[in-house]
Amino acid sequence: LNDEVSVCEWYGCECNDADNDVVTSLIMPNIKLPQKVPTVLGLLNELQELIITNVNFVGNLPSELSHLHKLKQMIVISSLDGTLPLEMGELRSLEYLELRKNSFDG
């Protein structure tokens with residue numbers, strides 16, 4: 001990563017106007033490398049919108065996403081499976097949740 005490039009300039013990242021290095025929105029479309037949902041997403045504590053569409057993520061949603069207490073919208077259209085973490089119930093600010101094309105159980 002280049003330290004001279006702000007995270008706010010990364011593809012799919014949006015930041016708030018007050019503090020230009022605070023990510024408030026992350027949109028991850030069409031990533032075709034099979035990998036797990038990064039647990040470090042749970043460190044984006046100002047994140048309000050998380051959109052993952054047509055991504056070849058494998059495995060389940062990490063429980064670390066429950067740390068996103070300001071998250072208002074989460075859309076995950078992928079091919080994840082497993083059990084939804086109980087901690088997801090701690091997302092008190094969540095207004096919209098869409099989990100299509102996944103194979104969650106439990």
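A residue is termed buried under 20% relative accessible area, exposed over 50%, and partly exposed in between, with a 1.4 Å probe and protein chains only. The structure described here is a predicted model, in which local features need pLDDT of at least 70 and side-chain atom pairs count only at pLDDT 80 or more, while totals for chains, interfaces and linings use all residues. Residues are numbered from 1 along each chain as its sequence is written, and side-chain values use heavy atoms, with hydrogens and water left out.

The protein chain contains nine strands and zero helices; helices (H or I, at least four residues) and strands (E, at least two) are DSSP runs, numbered from the N terminus. The order of elements from the N terminus on is accordingly β-β-β-β-β-β-β-β-β. With a radius of gyration of 14 Å, close to the 13 Å that the globule rule gives for 106 residues, the protein chain is as compact as a globular protein of that length. The radius is taken over C-alpha atoms, and the rule is 2.2 Å times the number of residues to the power 0.38. The C-alpha trace spans about 40 × 30 × 20 Å along its principal axes.

Of the 106 residues in the protein chain, 36% are buried. Among contacts (heavy atoms within 4.5 Å) with a separation of 6 or more, 32% involve residues 24 or more positions apart. The accessible surface amounts to about 6600 Å², and carbon and sulfur atoms contribute 50% of this area; accessible areas come from the Shrake-Rupley method with a 1.4 Å probe, and for residues only the protein chains shown count as cover.

Strand β1 (residues 13-15) runs antiparallel to β2, to which three bridges join it; Glu14 has Ser25 of β2 as its bridge partner. Strand β2 (residues 23-29) is mostly covered, five of its seven residues being buried. A parallel arrangement with five bridges links β2 to strand β4 (residues 49-53). Within this pairing, Ile27 stands opposite Ile51 and Met28 stands opposite Ile52. In a regular strand the side chains alternate between the two faces of the sheet.

Strand β4 is largely enclosed by the rest of the structure, because four of its five residues are buried. Five bridges also connect β4 to strand β6 (residues 73-77), again in parallel.

Backbone geometry draws attention to two loop residues. Most residues other than glycine have a negative phi. Asn54, in the loop between β4 and β5 (57-58), has a positive phi of about 50° although it is not a glycine. Asn54 counts as partly exposed, at 37% relative accessibility. Lys101, found in the loop between β8 (96-98) and β9 (103-105), likewise has a positive phi, near 65°. Lys101 is exposed, with a relative accessible area of 61%.

Terms used. Pairing = 2+ DSSP bridges.
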